[in-house]
Number of protein chains: 2
Amino acid sequence: MINLLYPNKIKKEKVSNTTYANRGMDLEYLINEANKYYLESDIAVIYKKPTPIQINKVNFESGKPIITKGKFNQKSTLDYVGLYKGMYLDFDAKVTKNKTSFPLSNIHEHQIKHIKNIIKHGGYAFLIIEINHEVYLFSGKLLIDFTEKDKRKSIPYEYINKYGIEIKYGYNPIIDYLKAFNELTNKEDA
Amino acid sequence: MINLLYPNKIKKEKVSNTTYANRGMDLEYLINEANKYYLESDIAVIYKKPTPIQINKVNFESGKPIITKGKFNQKSTLDYVGLYKGMYLDFDAKVTKNKTSFPLSNIHEHQIKHIKNIIKHGGYAFLIIEINHEVYLFSGKLLIDFTEKDKRKSIPYEYINKYGIEIKYGYNPIIDYLKAFNELTNKEDA
């Protein structure tokens, strides 16, 4: 469904009647598609971590275990993890309907701590942010710097536009975020 | 419960009445404890991936989502992922009651493919195998070599003992598998 809906979306400049959740799934869908492409093209191994579930009750139906009670646990890490040219990648995809800024309430304290740890141990943590129908790679370092220096509850769009790396829509993969990641690592190495 | 049961276990030379599943959980418990230690001591960030669940039905109780029907999906990757000194680690913990060999039916075709991909892209894949009350780090490279050269359905204990790196039980963490991993990378670099 998401798949079929998608092509209309990039053509339209503004999509007013989509919900936050729907749009979140769309970005996620495109990232999953990019990951499939990266794996099949032997570029990288990147995958979405399963959602952490607390299993409370399991029944057996024809010998197979069926979960009949479970709860969603809060994530303490980010959504995606992967390996690219020997580098450890850890990132989250975030969508905001907000046009002027990205609310930091989207990111939990645990996740900030996780991002700091990843950077400390030589990995790469970042966010892929969709704002104003544009997609940006925003590095964990930028995020940590921003949250530590600035006590604001959101990152202004101008800030993301200036310091983030825009991921232009392309063809196969539509969201070629590793291209932006290459720019990021070139910048960081320089 | 696992926690409380554990101390009796390492004291005993042979534990005959424990089931495969129980012992599997024990090794898992010790690896999780090691990971906690590595995180708290600022050594590495390594965690168990959540079990992939297919959610079929969700109800809401007092506004909170409760899974009322779900299935366990087959894993295509390994159980643990992490970052250590800039290196990407991906591994599984396996326990066998079998004294003479480690049955390869424990490892799915998808997982073999995943291990190959990890190695190809500059990461480190391995197994932590418990056999005969001994614990070994057995590298993905060894596993791939063995499965490709030998068409046997299990790895003989002698082979694991000869080529694997034994993880001796210690104190905090009891299973200090990164020590064995250091040996592995020194070997592989040499």
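Predicted model: local features only at pLDDT ≥ 70, side-chain atom pairs only at ≥ 80, totals over all residues.
Residues are numbered from 1 along each chain as its sequence is written, chains are lettered from A and ligands numbered from 1 in the order in which they are written, and side-chain values use heavy atoms, with hydrogens and water left out.

Strand β3 of chain A, residues 64-72, runs antiparallel to β3(B), and 4 bridges join them. Strands are DSSP runs of E, at least two residues, and helices are runs of H or I, at least four, numbered from the N terminus; two strands pair if DSSP finds at least two bridges between them.

Turning to the whole interface, 36 residues of chain B are in contact (heavy atoms within 4.5 Å) with 36 residues of chain A. The buried area is about 2,900 Å², with 68% from carbon and sulfur atoms; this is the accessible area (1.4 Å probe) that two parts lose on being put together, summed over both.

The rule finds 2 salt bridges across this interface, a salt bridge being a side-chain nitrogen of Lys or Arg within 4 Å of a carboxyl oxygen of Asp or Glu. One of them joins the side chains of B:D42 and A:K120, at 3.1 Å from N to O. On the side of chain B that touches chain A, β3(B) gives the most, with 8 residues. Thank you.
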